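This report covers a domain arrangement, a chain-to-chain contact and a pair of packed helices. The structure is shown first.

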Amino acid sequence: MRPAPEVEVIALEKTYPRPFWPWARVRGRKEAARQALRGLSFEVRAGEVVALIGPNGAGKSTLLRILSGLLLPSAGTARVASRDVVRERPGCRREVGAALADDRGLSPRLTARQNLEFFAALYAVPRSEVDARLHELARALETRRLLDREVRTLSTGEKARVVLMRALLHRPRVLLLDEVTRSLDPGAARRVRTRLLSDAAARGAAVLFASHDLAEVEAVSHRVLLLDGGRLAATGSFAEVRPAAESVFAAVPKEEE
Amino acid sequence: MRLLLAFLRRDLRIATAYRLNALLLVSGGLFTLTLFYFLARTVGEAPAVRGRYGTDYFSFALVGLATAALLRALQLGFGGAVRSAQNDGSLEPLLGAPLSTLHVVTLMGAWPVANALLRSLGLLAFGALLFGARLHLHPIAFVVTLSLSALAFCALGLLSAAFVLVFKRGDPFTYALDALSYLFAGVLYPTEVLPPLLRALARFLPATHALHGLREAALRGAGPAQLLPTWTALLAFCLILWPLAALALSAARRHVEQAGTLPHS
């Protein structure tokens with residue numbers, strides 16, 4: 001029998017409600033409810049690296065936030081490590097390591113090490129293992145010289161690497177990454193994604209990562225999910241999905257000049 | 001315990017990184033004491049205070065100010081911690097941890113609570129040692145009253161945090177409670193000077209009971225037997241407010257997760 005998938009999404013829908021109407025009217029806003037995900041279904045198995053691609057607003061970040069337990073779906077089911085993301089929230093979050101878009105969750109006045117030790121306590125990483133895990137991750141992500149610097153002195157790319165360390169520190173079964181290599185220089189991005197994704201897959205973690213970098217997607221993913229307008233437009237290997245992806249990206253309307 | 005220490009250590013490190021802020025807090029406390037010392041000398045004998053608590057106006061106001069500062073800090077501390085985390089972007093990773101919202105927000109308020117306790121006890125100590133306030137303290141009764149008052153006000157602080165989680169800025173609940181407490185709970189004057197109707201309304205404010213209990217324990221040396229009714233009232237507030245705070249936080253979390261506004265500042 002095949003083991004249960006680490007990420008299981010069935011007919012998932014998410015609609016962001018329109019703002020409370022009297023308040024929206026006072027502020028002169030005419031926003032309608034916005035449907036971000038429309039009946040999405042897929043699975044990710046242990047050891048599998050799956051890429052999420054699609055134009056801006058396709059629903060990638062919404063999907064990753066739902067799976068991280070930080071956003072409620074409007075309908076459908078999502079399970080992470082066999083736990084329902086709505087009904088078993090704290091337990092589900094324990095199994096997830098997330099580095100989401102625009103993650104600023106590091107205290108600037110603390111060193112990277114102090115920040116990471118704090119999150120290690122939050123995720124109940126055994127005290128005796130924290131130093132060893134930090135050392136191991138710092139070597140993999142090339143952050144050894146950053147650990148004892150205050151976060152406010154780090155560059156954007158360096159902070160992104162510390163955020164990645166935070167996501168990996170408790171050895172999650174599911175890793176959710178939203179454009180994490182965006183702020184790294186090309187060489188660092190290549191080294192980091194190779195080490196990070198191959199290490200995670202080697203220890204049996206399921207990885208779901210969103211990216212706009214198709215070369216990165218081709219290099220590291222086992223499978224690709226192409227999202228368009230909140231729907232799953234295509235799925236398969238990079239080569240299988242590529243024609244559909246090209247037509248989706250080509251069809252994105254440009255702002256009128 | 002490990003989590004509590006982790007939050008306290010983190011927030012203490014952040015607080016001590018801003019050295020000027022700590023200096024201003026201490027000088028602010030001394031400024032307030034000096035102000036009230038001379039105000040008390042201007043007021044002279046206050047019969048309403050002398051008759052009720054058997055002490056001078058400065059000692060009466062000192063306990064009132066220390067208590068009000070503590071209660072206000074407790075009431076604002078949780079919401080302030082949530083607001084600060086919204087601004088620096090750490091709220092989402094904190095609420096992404098495998099803990100309940102009540103658990104996380106309570107831990108986020110640990111440092112503001114500890115800080116407020118230290119500041120209020122410091123205010124009392126400075127007032128007694130430097131300005132000659134006459135305290136006749138019953139230590140056990142004082143600690144029990146202080147703990148029950150802090151518990152009740154922590155629940156109010158958590159309710160305020162639920163507002164901040166949803167509305168980000170502007171918390172009408174805390175503003176109203178703070179204003180009502182200063183007006184009717186007897187921070188700067190005994191509730192006996194209020195008209196009977198307002199005095200009756202003041203009994204519905206936890207600050208009224210906290211101020212009364214702490215003054216009795218600190219100024220008259222009242223023991224457990226005399227303070228039992230006050231403790232019962234504070235305990236009743238805790239029993240009502242804590243479940244309410246848990247429900248409010250849970251509802252606020254659900255709201256921001258439905259609307260997708262959790263990462264917004």
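## Domains of chain A

The domain assignment of chain A gives domain 1 (1-95 + 174-179 + 192-257) and domain 2 (102-171). The model is a predicted one. In chain A, the C-alpha centres of domain 1 and domain 2 are 25 Å apart.

Five residues from domain 1 of chain A and five residues from domain 2 of chain A make the contact. On the domain 1 side, helix α7 (residues 186-202) of chain A gives the most, with four residues. By class, this side of domain 1 of chain A has three nonpolar, no polar and two charged residues.

## Contact between chains A and B

In chain B, 24 residues are in contact with 23 residues of chain A. On the chain B side, α1 (2-17), α5 (91-95) and α12 (224-259) each supply at least two residues. The largest share, seven residues, comes from α1(B). The side of chain B that touches chain A is made up of 11 nonpolar, six polar and seven charged residues.

## A helix pair in chain B

Helix α8 (residues 139-167) of chain B and helix α11 (residues 206-219) of chain B have axes that come within 9 Å and cross at roughly 165°. Angles over 145 degrees count as roughly antiparallel, so α8(B) is roughly antiparallel to α11(B). The crossing of α8(B) past α11(B) is left-handed.

From α8(B), the contact residues are B:A141, B:F142, B:T145, B:L146, B:S149, B:A152 and B:F153. From α11(B) they are B:P206, B:A210, B:G213, B:L214, B:A217 and B:A218. By class, this contact of α8(B) with α11(B) has 10 nonpolar, three polar and no charged residues.

Key
Residues are numbered from 1 along each chain as its sequence is written. Chains are lettered from A and ligands numbered from 1 in the order in which they are written. This is a predicted model: local features need pLDDT of at least 70, side-chain atom pairs count only at pLDDT 80 or more; totals for chains, interfaces and linings use all residues. Axes are lines fitted to C-alpha atoms, for helices over the stretch in contact, and angles run from 0 to 180 degrees between N-to-C directions. Angles under 35 degrees count as roughly parallel, over 145 as roughly antiparallel, 65 to 115 as roughly perpendicular and the rest as oblique. A crossing is left-handed if the near helix is turned anticlockwise from the far one by less than a right angle, and right-handed if clockwise. Two residues are in contact if their C-beta atoms, placed from the backbone, lie within 7 Å. Ala, Val, Leu, Ile, Met, Phe, Trp, Tyr, Cys and Pro count as nonpolar, Asp, Glu, Lys and Arg as charged, and the others, Gly among them, as polar. Domain bounds come from an automatic or database domain assignment.
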